[in-house]
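Here is my note on the model you sent.

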Amino acid sequence: MKGFIRIFLAVFGSLALAVVAIAGFRGDFTKNTPIEIFPDMDRQPKYKSQTPSPFLPEGRVDRVPPYGSIPFHIQTDQPYLITGKMGSMWGTGIPVTVDQKLLARGQERYQINCQVCHGAAGAGNGITSQYGLVGAASYHADKYRTMADGEIFNTITHGKGQMGPYHHIEVKDRWAIIAYIRALQLSQNAPSNLLPPESATTTAAKP
Ligand code: HEC
C-alpha cells in the first residue's frame, strides 16, 4: 500500500510539473499561439462587404433592401420629422397634417402596436399588465401631458427603459399615433371651456 501511494504521489507530482511547464501559470503572457481545445467558432468562412458572390441571387454580397424597407438612420432635410429634435432640443408639434384621416390611422396603429401594454384609453393598464408586465406609462400623468411630441416620437423609435423600439412603424404612422395619444389625453383631461355646455353643466357646482 505504502509503495503504491509513493508511486502515485511521484507520478502526480511530475504530471503537475509537466502541465505547468507546458501550459505555464494562469495569467502568464505568451507570444505563442494558444492551445485551442474548443475553437468556439473563432474562425469561420465569411463574406466581405462589396464583394461578388455566386451564391446570392444578386450576384453580390450586399443584398438589395426589400421593397418597402424603412430607412432607420438617414440624413434628410427634415430632421425633426425623423428625429423629433429641433436643434439639440426635443421639438413639439405634429409635422404631418392632422385631420380626421390621420387620427383614424393613429387610432388603428395605436390599437395594433401600443394598446396591449398602454391600454385602450392610454392609462398604462393594457392586457399585458394582467400577465406581469407592469409599469407601462399612463399617458394621463402630468409628465406625459407636458412631454414634447418629439420626445414621444423618440420613445417610439428607440424604446425607453423596459419598452422596446417600434421603428418598424412608418414615420408618418408614428406621428399619427402621437396625434391620437394627444386626443386620448384630451379625452381624460379636457379643460371645461372646451366641453359642450350640456356636459359642462352636469359637473358644475350648484349656485
Ligand atoms: C410590450 C409593452 C409595450 C408596448 C407594446 C408599448 N409600450 Fe410604451 N411603455 C412600456 C413600458 C413598460 C414603459 C415604461 C418604460 C420604463 O420607464 O422603463 C413604456 C413607456 C412609454 C412612454 C413613456 C416614456 C418615457 O419617456 O417615460 C411612452 C410615451 C410610450 N411608452 C409610448 C408607446 C407607444 C406610442 C407605443 C406604441 C407604438 C408603445 N408605447 C408600445 C411598454 C410598452
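1. Terms for the metal site. Donors here are N, O and S atoms within 2.8 Å of the metal. Water is not among the atoms, so sites may look incomplete. The model is a predicted one.

2. Protein donors. The iron atom of the ligand has two named protein donor atoms: NE2 of H118 and SD of M163. They lie 2.0 to 2.1 Å from the iron. The pair joins distant parts of the chain, being 45 residues apart. H118 sits in helix α4, while M163 sits in the loop between α6 and α7.

3. Geometry. What arrangement do the donor atoms around the iron atom form? There are 6 of them, and they subtend angles of 87 to 179°. Six donors count as octahedral if opposite donors are over 155 degrees apart and all others between 65 and 115. The arrangement is therefore octahedral.

4. Is H118 buried or exposed? Its relative accessible area is 9%. The cut-off for buried is under 20%, so H118 counts as buried. M163 has a relative accessible area of 29%, so this residue is partly exposed. Note that these areas take in protein chains only.

5. The largest pocket. Its volume is about 610 Å³. The lining has 23 residues. Both iron donors, H118 and M163, are among those nearest the pocket centre. A137, T155 and K160 are also in that nearest group.

6. Where the lining comes from. Helices α4 (115–118), α5 (142–145), α6 (149–158) and α7 (171–188) each give two or more residues. Helix α6 gives the largest share, with 3 residues. By class, the lining holds 15 nonpolar, 6 polar and 2 charged residues.

7. A buried polar contact. D149 belongs to helix α6. Its relative accessibility is 7%, so D149 is buried. Which side chain does the side chain of D149 contact? It makes a polar contact with the side chain of R182, at 2.7 Å.

8. An exposed lysine. K143 is in helix α5. With a relative accessible area of 52%, K143 is exposed; the cut-off for exposed is over 50%. K143 and K172 are 29 residues apart in sequence. In space, their C-alpha atoms are 24 Å apart.

Key
Residues numbered from 1 in each chain as written. Predicted model: local features only at pLDDT ≥ 70, side-chain atom pairs only at ≥ 80, totals over all residues. Heavy atoms only, no water. 1 Å grid on protein atoms, 1.4 Å probe; cavity = no way out; pocket = protein on both sides within 12 Å on 5 of 7 lines; lining within 4 Å. Points joined across faces, edges and corners; volume = space filled by probe spheres on them. Helix = DSSP H or I, 4+ residues; strand = E, 2+ residues; numbered from the N terminus. Nonpolar A, V, L, I, M, F, W, Y, C, P; charged D, E, K, R; others polar. Buried < 20%, exposed > 50% of the residue type's maximum accessible area, 1.4 Å probe, protein only. Donors = N, O, S within 2.8 Å, 3.2 Å for Na, K, Ca; no water. Tetrahedral: all angles 85-135°; square planar, octahedral: opposite > 155°, others 65-115°. Polar contact = N/O pair within 3.5 Å; in protein donor to acceptor, adjacent residues only side chain to side chain.
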